[in-house]
Amino acid sequence: GLRMVAAAGAARIVVALNFAATVSIRSVGDSPLRDNTIFHYAVDGGRVQIAGVDVEYQTMSYFRLKEVAWDAFGSRPLTGIGLDRFHVITEAAFQEGRLTEPYRAIDPHSTLPGRLAEAGVIGAATLIIFWIVIALETRRLLSQDHRHAWMATAAAAALLGTLINTMNADVMNFRFGWVVLGLVRGLRESEAAVDER
């Protein structure tokens, strides 16, 4: 029961942090607290009324890049727009006024939406299968009784953190992630060799 409560709490935190990466609240109602600073990650702004109170906000680039990726995926769902062509659609979004100058030629800041945009369902399926294999290998490693249990636990935690970070970064370019994957594989093979002796 305690694990379920902890998992639900962690999931809520992840959702809350990802929501925080969608909009930046600049002012609420008639409050004297107003943020007029230039916000580097903002791509546009707007107003909305919530329970009769005016809320002024700016849309963040992380959210807009996911929208651009989703639109690209919708235009070619099976195969995507092609690998390494995300800059083509960000340039088009810039020309339409959906992105600002710093984001006119940028890589996708989200692993799965970026993969869907560039490689479609076919490419996304291969990415998901790859992460399933990673999860299975890590689970097997953790289930083994071995002398490097602390290292296996640290590697599993690093991979879980990386997986969570896929929402706001293209983690397939994280060098340390590949190092951890090599560590997981090496630990599995070393334990298998010990078991054979």
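R140 counts as partly exposed, at 41% relative accessibility; on this scale, buried means under 20% relative accessible area, exposed means over 50%, and partly exposed lies in between, with a 1.4 Å probe and protein chains only. Please bear in mind that this is a predicted model, in which local features need pLDDT of at least 70, side-chain atom pairs count only at pLDDT 80 or more, and totals for chains, interfaces and linings use all residues. Residues are numbered from 1 along each chain as its sequence is written, and side-chain values use heavy atoms, with hydrogens and water left out.

The partner of R140 is E137, and the closest N and O atoms of this salt bridge are 3.0 Å apart. By salt bridge I mean a side-chain nitrogen of Lys or Arg within 4 Å of a carboxyl oxygen of Asp or Glu. Both residues belong to helix α4, 3 residues apart, about one turn of the helix. Helices are DSSP runs of H or I with at least four residues, strands are runs of E with at least two, and both are numbered from the N terminus. E137 counts as buried, at 14% relative accessibility.

In total, the structure holds 11 salt bridges. Side chains of opposite charge can pair when their charged atoms come close. Another such pair is D44 with R64, again with 3.0 Å between the closest N and O atoms. This pair links distant parts of the chain, since D44 sits in strand β2 (residues 42–50) and R64 in helix α2, 20 residues apart. Are these two residues buried or exposed, or in between? D44 is partly exposed, with a relative accessible area of 29%, while R64 is buried, at 9%.

R47 and E56 also meet through their side chains, at 3.4 Å from N to O. Here R47 is exposed, with 60% relative accessibility, and E56 is buried, with 17%. Together with R34, they are linked in a network of salt bridges.

I turn now to helix packing. Helix α2 (residues 61–75) packs against helix α4 (residues 111–143) at an angle of about 15 degrees, their axes being 8 Å apart. Axes are lines fitted to C-alpha atoms, for helices over the stretch in contact, and angles run from 0 to 180 degrees between N-to-C directions. The two helices are therefore roughly parallel; the class takes angles under 35 degrees, whereas 65 to 115 degrees count as roughly perpendicular, over 145 as roughly antiparallel and the rest as oblique.

Which residues make the contact between α2 and α4? On α2 they are A69, W70, A72 and F73, and on α4 they are P113, G114, L116, A117, G120 and V121. Contact means heavy atoms within 4.5 Å. By class, this contact has 8 nonpolar, 2 polar and no charged residues.

F73 is buried, with a relative accessible area of 13%. Leaving aside residues up to four places away in sequence, F73 touches L116, A117, G120 and V121.

Finally, the axes of α2 and helix α3 (residues 86–95) come within 10 Å and cross at roughly 115 degrees. These helices are therefore roughly perpendicular to each other. L65, V68, A69 and A72 of α2 make the contact with F86, I89, T90 and A93 of α3.

Terms used: Ala, Val, Leu, Ile, Met, Phe, Trp, Tyr, Cys and Pro count as nonpolar, Asp, Glu, Lys and Arg as charged, and the others, Gly among them, as polar.
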